[in-house]
Amino acid sequence: MGLFLGIDTSASGLTAERLRMDVISNNIANANTTRTENGGAYHRRYVVFSSRDRKPEPFEQILNKALGNKDNTIGHGVRAISIQEDATQGPMVYDPGHPDANADGYVEKPNVDIVTEMVDMITAHRAYEANSTAINAAKAMALKTLEIGK
């Protein structure tokens with residue numbers, strides 16, 4: 001158990017939430033894009049997270065064994081493993097004059113819901129703030145620890 005383990009764990013959360021906010025911003029920016037490089041309307045994207053696990057140090061192994069914990073991995077933050085595309089079809093809107101209209105005059109709009117994206121943005125922002133607060137608390141504790149020897 002290192003002194004800076006909490007800072008490292010929260011820093012991984014900051015990085016992950018920043019990526020999540022970037023992806024959400026991209027979704028909002030493309031909320032009206034009906035033609036992409038691959039053809040068709042823009043499909044929203046989302047980030048998939050996974051925990052970063054590590055092997056415990058010897059003391060932690062003894063402690064886990066004494067406490068009866070079977071799992072020998074310890075959560076050590078979070079990481080983004082992929083950015084997925086939501087494959088659901090967007091709403092079809094009748095607009096025969098649109099350049100991307102099909103033979104029946106319908107245009108597929110992006111499957112981006114601005115309200116959902118804004119809620120996701122707020123939760124990502126709050127998670128970012130929480131991780132930042134945790135880093136500041138860990139820094140304050142480390143500084144207080146250094147003052148003990150004075």
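What volume does the largest pocket have? About 160 Å³. The views below come from a predicted model.

View 1. Residues on the lining include Asn30, Thr33 and Thr36. Glu37, Asn38, Gly39, Gly40, Ala41, Tyr42 and His43 also belong to the lining. Arg45 and Glu85 are on the list too. Sorted by class, seven lining residues are polar, three are charged and two are nonpolar.

**View 2. The aromatic pair of tyrosine 94 and tyrosine 106.** One aromatic pair turns up in a search of the whole structure. Its ring centres are 5.3 Å apart and the planes meet at 65°, so the geometry is edge-to-face. The cut-off for that label is over 60 degrees.

**View 3. Strands β3 and β4, joined by the tyrosine pair.** Tyrosine 94 sits in strand β3 (residues 92-94). Tyrosine 106 belongs to strand β4 (residues 106-108). The pair therefore ties together parts that are twelve residues apart in sequence. Tyrosine 94 is exposed, at 53% relative accessible area. Tyrosine 106 is partly exposed, at 37%.

**View 4. Serine 10 in helix α1.** Helix α1 covers residues 5-29 and holds serine 10. The relative accessibility of serine 10 is 7%, so this residue counts as buried; the cut-off is under 20%. Leaving aside residues up to four places away in sequence, serine 10 touches Asn131, Ala134 and Ile135.

Key: Residues numbered from 1 in each chain as written. Predicted model: local features only at pLDDT ≥ 70, side-chain atom pairs only at ≥ 80, totals over all residues. Heavy atoms only, no water. Phe/Tyr/Trp six-rings, centres within 6.5 Å; stacked < 30°, edge-to-face > 60°. Helix = DSSP H or I, 4+ residues; strand = E, 2+ residues; numbered from the N terminus. Buried < 20%, exposed > 50% of the residue type's maximum accessible area, 1.4 Å probe, protein only. 1 Å grid on protein atoms, 1.4 Å probe; cavity = no way out; pocket = protein on both sides within 12 Å on 5 of 7 lines; lining within 4 Å. Points joined across faces, edges and corners; volume = space filled by probe spheres on them. Nonpolar A, V, L, I, M, F, W, Y, C, P; charged D, E, K, R; others polar. Contact = heavy atoms within 4.5 Å.
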